[in-house]
Amino acid sequence: MRLSGTKTGPSEAKQPEEANLLGELLRSPGYLKTLVFCALIGIPVSLVAFWFLVGLHELEKLMWAGLPESLGWNVPPWWWPLPLLLVAGVTVGLVVTRMPGGGGHIPAGGLHTGGASPRALPGVVLAAVLSLPLGATLGPEAPLIALGGGLALLFRDLARIPANPQSAALLGAAGAASAIAVIFGSPLVAAVLLIEVAGVGGPQLFAVMLPALLSSGVGALVFTGFGRWTGLDAPSLSMKVGVPAARLDAGDVIWAVLMAVAIGAAIHLIMRGGQLTARFVAKRTVLHTTSCALAAGVCGAVYALATGRTPADVASSGQATLGRLAADPHSWSVGDLIAVLLCAGAAYALCLGSLRGGPVFPSLFLGGAAGVLLSPLPGLGVVPAMAAGMAAATVSALRLPVSSIVLVVLVLDSAAMTPVIVLAAVVSFVTSQLLMRRSAQRTPGAPAQPQAGPPPPPGPGAAGAAGPA
C-alpha cells in the first residue's frame, strides 16, 4: 500500500512498464510461432543428443574396459592413456586446423551458447569423439551445447524460416537447452544455466527463457521415454552418496567458508593454466595440441603408478569416478586423494586449452575429492564437505553461481545441504573474481576473460521478427 502524496520510485514505475512490454511480446504472433517451433525442435534435438551421449559412453567403455579386457587386463595398465591421448592430440589438432568452426570453442573460455552453426557441427562432433572417449579430462556438456544450438539453426534452415540475429539467438538457446537438459539430469539446470550465460534481464530474459524452458522440458520427456524404450544408457550427471548425511552444525559452516576460499583459489589457478595452455597451443596448433594431450596422458600414468589404481580416474571426465567416490569415500586413502587431485588437476588444465569438451564435470569431481580429503577435519562431515567442495570448485570454474548451486543441489539430491552449498558458492565466487581481477592488473593489456552468451534477444518491438514466419 502506497500513501497518497508519495512519489513513485524508479523500480515501481519500471515494473508496470516491463509487464506491459512482456504482455506485448507474448501476444505477438512471431514470438508465439517461435515457442511452437522450439517445442517441435526439442524432439529431434534431444534424440540426436541421446544418441550422441550413448555413442560417447559406448566408445569410452570400449576404450577403457573392452579393449583392456580383451588383451588380458582387468583394469587398464598404467601406460594406457599415453597412446590414446597421443592419437587424440594429433587428430583434434587436425580437426581444429582443417575443419570449419575449429572443433568448437576452447573449454578454457567457459561455457558458451552462441556461435554454433550448422557448418561447424561436423567438426564439433568429431573433436568431441576424438577427445572424450580417448581420455580427455573434460565433460560432454560444451559439445552438447554446440550440437543443440547448431541443430536448431539447421532445422530452421531446412524449414526455410527467415534468418535474423534475434531468431538465431532464440533458437540457438532453445536447442542448447534441449541438448544439455539431460546430461545435467534436469531441465531446471539447463534453464538456470542459460539465464546466467545469456546475461539478460527483464522482458529479454523471458524472451530467451520461455523457448529454452519449453524445448528443454520436451527434450527431457523424449529422452526419458526413449531411454526406456531402447534399453540403452546415456548417463546423466547424478550420484548416490554412500554415507549418511548428518545435520549441519557450526563446524560444517565454518569449514565450508575456509574450504571455499582454498578450493576457489586452486580451481582459479587451474583455469588460468588452461588459458595459458590455449595460448601455447595457438602458436603451433597440431604440434602443441599433441604435446599437451600427451602430457595429460602422462598425468594419468603417473597417478596409476603412484597409487595402483586405474588411470581412468584421471583420464576421464570424472563423472563415473565421482560416483564411485561418493558411494564409498572411505575406500580412498589420503595418498590416493592427494594424487588424484594433483594429477587430475594438471590434466584438467592441459585439456582445457588443447582438446575439446566442457569444464563442468572435472570441476565437480575435483571439488568432491577435495571435500572427502578434508572431511576428517574436526566438526566436518563427509557429505557437507563434498557439498561445499563441489559448489566451490564448480563456481570457480564456471563463474556462474546460481547455476552451480542448483546443479550441486540436484546432483547431491539433498536439500539439507543447501546452506553450505550456497555459502561455499558465494565465497568461492568472490574469491575467484578477486583473483581474476588481480591477475588482470598484473598483466597490463591482457584481454578480459571471454564472456559466454548469445547476442541479446529482441525487445518487444522486434518480437515479430524474432519468430519463424
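Trainee: Which helices each supply at least two residues of the lining of the second largest cavity?

Mentor: Helix H12 (334–352) and helix H13 (360–374) do. H13 gives the largest share of that lining, 3 residues. Bear in mind that this is a predicted model.

Trainee: What is the volume of the second largest cavity, and which residues line it?

Mentor: Rolling a probe the size of a water molecule over the atoms shows where empty space is left. Here the second largest cavity has a volume of about 40 Å³. Its lining consists of Thr137, Asp313, Val314, Ser316, Ser317, Gly318, Ala344, Tyr348, Pro362, Phe365 and Leu366. By class, that makes 6 nonpolar, 4 polar and 1 charged residues.

Trainee: How many cavities of 30 Å³ or more does the structure hold?

Mentor: There are 3 of them. The largest cavity contains about 80 Å³ of space. Among the residues lining the largest cavity are Gly103, Gly104, His105, Arg356 and Gly357. Helix H4 (121–131) and helix H5 (141–158) are the elements that give two or more residues to this lining. The class count for the largest cavity is 6 nonpolar, 4 polar and 1 charged residues.

Trainee: What is the volume of the largest pocket, and which residues lie nearest its centre?

Mentor: The largest pocket has a volume of about 580 Å³. Of its 28 lining residues, His57, Glu60, Ser316, Ser317 and Ala320 lie nearest the centre. The elements giving two or more residues to the pocket lining are helix H2 (29–70) and helix H11 (319–327). H2 provides the largest share, 7 residues.

Trainee: Now the nonpolar cores. Which residues have the most contacts inside the largest one?

Mentor: In soluble globular proteins, nonpolar side chains tend to be buried together. In this model the largest nonpolar core has 107 residues, and Leu144, Phe184 and Ile421 have the most contacts inside it. Helix H14 (residues 382–398) contributes the largest share of this core, 13 residues.

Trainee: Which residues does Ile421 touch, not counting residues up to four places away in sequence?

Mentor: On that count, Ile421 touches Ala387, Ala391, Ile405, Val408, Val409 and Leu412.

Trainee: Which residues does the second, separate core include?

Mentor: That core has 8 residues, including Phe37, Cys38, Ile41 and Ala152.

Methods. Residues numbered from 1 in each chain as written. Predicted model: local features only at pLDDT ≥ 70, side-chain atom pairs only at ≥ 80, totals over all residues. Heavy atoms only, no water. 1 Å grid on protein atoms, 1.4 Å probe; cavity = no way out; pocket = protein on both sides within 12 Å on 5 of 7 lines; lining within 4 Å. Points joined across faces, edges and corners; volume = space filled by probe spheres on them. Helix = DSSP H or I, 4+ residues; strand = E, 2+ residues; numbered from the N terminus. Core = buried A, V, L, I, M, F, W, Y, C linked by side-chain atoms within 4.5 Å. Buried < 20%, exposed > 50% of the residue type's maximum accessible area, 1.4 Å probe, protein only. Contact = heavy atoms within 4.5 Å. Nonpolar A, V, L, I, M, F, W, Y, C, P; charged D, E, K, R; others polar.
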